[in-house]
Amino acid sequence: MRPGEKGPNLGISTCSHIGNTLYCPMQIIARRTLKQFWRRHAQAEKPLRAWYMVVRAATWEGPADVKEQFGNTVDFVADNRLIFDVGGNKYRLVVHVAYRFKRVLVKFVGTHKEYDAIDPEKV
């Protein structure tokens, strides 16, 4: 497969070269989880879509890159899990990041009340 081509029937962009740099955006797994949540909480759709667009264009190499991009709206817990404050801190999004493979797996999305009932390290 050539840089910039899409994988067969997956709709996943591949890496591309920009000068001498290999550019590999993040792949977000379980977008369906986000959609299911915003169907129940319509006011969450816009901020979750915004988060999705930013992250899928990101090229994170490690936690410092995430912190630089999201500042105080992200926290880090064990096992490369990140907790994002979304929608003006109305919602919480827990993801697992595999930096080496450029993948972000959505583990949990919910209101603060729902988040308080889970353990972000085990969800």
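## Exercises on a predicted protein model

From the N terminus on, the elements of the protein run β-β-β-α-α-α-β-β-β-β-α; helices (H or I, at least four residues) and strands (E, at least two) are DSSP runs, numbered from the N terminus. This is a predicted model, in which local features need pLDDT of at least 70, side-chain atom pairs count only at pLDDT 80 or more, and totals for chains, interfaces and linings use all residues. Residues are numbered from 1 along each chain as its sequence is written, and side-chain values use heavy atoms, with hydrogens and water left out.

**Exercise 1.** State how many helices and strands the protein has, and what share of its residues is buried.

*Solution.* Step one: the secondary structure comes to four helices and seven strands. Step two: 35% of the 123 residues count as buried, where buried means under 20% relative accessible area, exposed over 50%, and partly exposed in between (1.4 Å probe, protein chains only).

**Exercise 2.** Describe the open sheet of five strands.

*Solution.* Step one: the strand order is β3-β7-β6-β5-β4, and the pairing is mixed; two strands pair if DSSP finds at least two bridges between them. Step two: β3 (27-29) and β4 (74-77) are the edge strands, each pairing on one side only. Step three: on average, neighbouring strands of this sheet are turned by 30 degrees against each other, direction ignored. Here axes are lines fitted to C-alpha atoms, for helices over the stretch in contact, and angles run from 0 to 180 degrees between N-to-C directions.

**Exercise 3.** Examine the pairing of β5 with β6, and identify the helices that pack on the sheet.

*Solution.* Step one: β5 (residues 81-86) and β6 (residues 91-98) pair in the antiparallel sense over six bridges. Step two: Arg81 stands opposite His96 in β6. Step three: helix α1 (residues 31-40) packs on the sheet and touches β3, β6 and β7 (103-111), contact meaning heavy atoms within 4.5 Å. The direction of α1 makes about 15 degrees with that of β7. Step four: helix α2 (residues 45-57) also packs on the sheet, touching β3, β5, β6 and β7. The direction of α2 makes about 135 degrees with that of β3.

**Exercise 4.** Locate Ala44 and determine whether Ala44 is buried or exposed.

*Solution.* Step one: Ala44 is found in the loop between α1 and α2. Step two: Ala44 has a relative accessible area of 0%, and therefore counts as buried. Step three: not counting residues up to four places away in sequence, Ala44 touches Phe37, Trp38 and Tyr91. Step four: Ala44 and Gly110 are 66 residues apart in sequence and 9.5 Å apart in space, C-alpha to C-alpha.
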